[in-house]
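Colleague: Please take me through this model feature by feature, with the cut-offs stated as you go.

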Amino acid sequence: MSVVDEGLKANESYAKNFTLGGLPMPPARKLAILACMDARLTVEQVLGLKTGEAHIIRNAGGIATEDAVRSLIISHHLLGTKEFVVINHTDCGMLTFKDEELRAKLRDQTHAAAVAPARFYAFSDLEANVREQVQKIRSHPWIPSQIPVRGFIYDVKTGKLNEVRVA
Ligand SMILES: [Zn+2]
């Protein structure tokens with residue numbers, strides 16, 4: 001059985017016991033989170049969130065890319081979220097390569113160039129990366145300055161969130 005088929009089997013019992021059909025669309029806790037996609041980081045568990053309580057936007061590195069910012073703008077303006085959180089984590093895969101190395105490797109393997117993605121957003125300084133994403137979000141003209149945007153590093157060894165101070 002493929003992993004997807006295993007998932008479909010699990011979904012059968014999930015749907016059988018499903019009780020969340022009445023949840024409203026806007027997140028109950030008015031919170032939006034931008035986090036790395038790392039498989040060891042279960043954002044809901046880390047922050048004690050339940051289904052329906054927050055928007056969770058994830059990508060490699062927890063980067064405030066154009067698409068992540070698009071989601072945050074929709075989250076606030078159309079669905080009423082009022083606090084944003086950025087979560088990166090220790091031992092992130094994005095610390096293990098350089099954009100240009102990966103680009104060259106893929107070019108060699110595929111014998112093809114590609115316009116997109118323009119960047120992979122690999123980084124070498126975890127704290128600086130969190131700060132950069134928080135600042136990118138805070139400075140966006142369509143994200144009101146009253147929205148608190150806080151940054152954290154999740155420690156994959158301890159389960160603890162450590163806040164990164166952003167000036
Ligand atoms: Zn990561």
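Modeller: A residue counts as buried under 20% relative accessible area, as exposed over 50%, and as partly exposed in between (1.4 Å probe, protein chains only). This is a predicted model, in which local features need pLDDT of at least 70 and side-chain atom pairs count only at pLDDT 80 or more, while totals for chains, interfaces and linings use all residues. Residues are numbered from 1 along each chain as its sequence is written, and side-chain values use heavy atoms, with hydrogens and water left out.

Colleague: Is Lys-30 buried, partly exposed or exposed?

Modeller: Lys-30 sits in the loop between helix H1 (3-16) and S1, where helices (H or I, at least four residues) and strands (E, at least two) are DSSP runs numbered from the N terminus. Its phi is positive, about 50°, although Lys-30 is not a glycine. The relative accessibility is 41%, so Lys-30 is classed as partly exposed.

Colleague: Which residues coordinate the zinc ion?

Modeller: Donors are N, O and S atoms within 2.8 Å of the metal (3.2 Å for Na, K and Ca), and as water is not among the atoms, sites may look incomplete. In sequence the donor residues follow the spacing C-x52-H-x2-C. Cys-36 in strand S1 (residues 31-36) and His-89 in strand S3 (residues 83-89) lie 53 residues apart, a pair that links distant parts of the chain, and both Cys-36 and His-89 are buried. At 2.0 to 2.3 Å, the zinc ion is coordinated through SG of Cys-36, NE2 of His-89 and SG of Cys-92.

Colleague: Why do the buried residues of H5 line one face of the helix, and within what arc do they fall?

Modeller: Helix H5 (residues 126-138) has 13 residues and reaches 19 Å from its first C-alpha to its last, close to the 18 Å expected at 1.5 Å a residue, that expectation being 1.5 Å times one less than the number of residues. Its buried residues are Leu-126, Asn-129, Val-130, Gln-133, Val-134 and Ile-137. They line one face because, seen down the axis of H5, they fall within an arc of 130°.

Colleague: Which residue caps the N-terminal end of H5?

Modeller: The cap involves a side-chain oxygen that lies 3.2 Å from the backbone nitrogen of Glu-127. The residue that supplies this oxygen is Asp-125.

Colleague: Which residues touch the most other members of the largest nonpolar core?

Modeller: A nonpolar core is a set of buried Ala, Val, Leu, Ile, Met, Phe, Trp, Tyr and Cys residues joined through side-chain atoms within 4.5 Å. Ile-143, leaving aside its neighbours within four places in sequence, is in contact (heavy atoms within 4.5 Å) with Val-69, Leu-72, Ile-73, Phe-84, Ile-137 and Arg-138. Of the 26 residues in the largest core, those that touch the most other members are Leu-72, Phe-84, Ile-137, Ile-143 and Val-149.

Colleague: With which residues is Thr-65 in contact, leaving aside its neighbours within four places in sequence?

Modeller: Thr-65 occupies the loop between strand S2 (54-59) and H3, and with a relative accessible area of 17% it is buried. Its contacts beyond those neighbours are Asn-59 and Tyr-121.

Colleague: What is the phi of Tyr-121?

Modeller: Tyr-121 belongs to the loop between H4 and H5 and, with a relative accessible area of 22%, is partly exposed. Most residues other than glycine have a negative phi. Tyr-121, by contrast, has a positive phi near 65°.

Colleague: Which residues does a cis peptide bond join?

Modeller: The bond has an omega of about 0°, and Pro-117 lies in the loop between helix H4 (99-110) and H5. The residues joined are Ala-116 and Pro-117.

How values were computed: Arc of directions from axis to C-beta. Polar contact = N/O pair within 3.5 Å; in protein donor to acceptor, adjacent residues only side chain to side chain.
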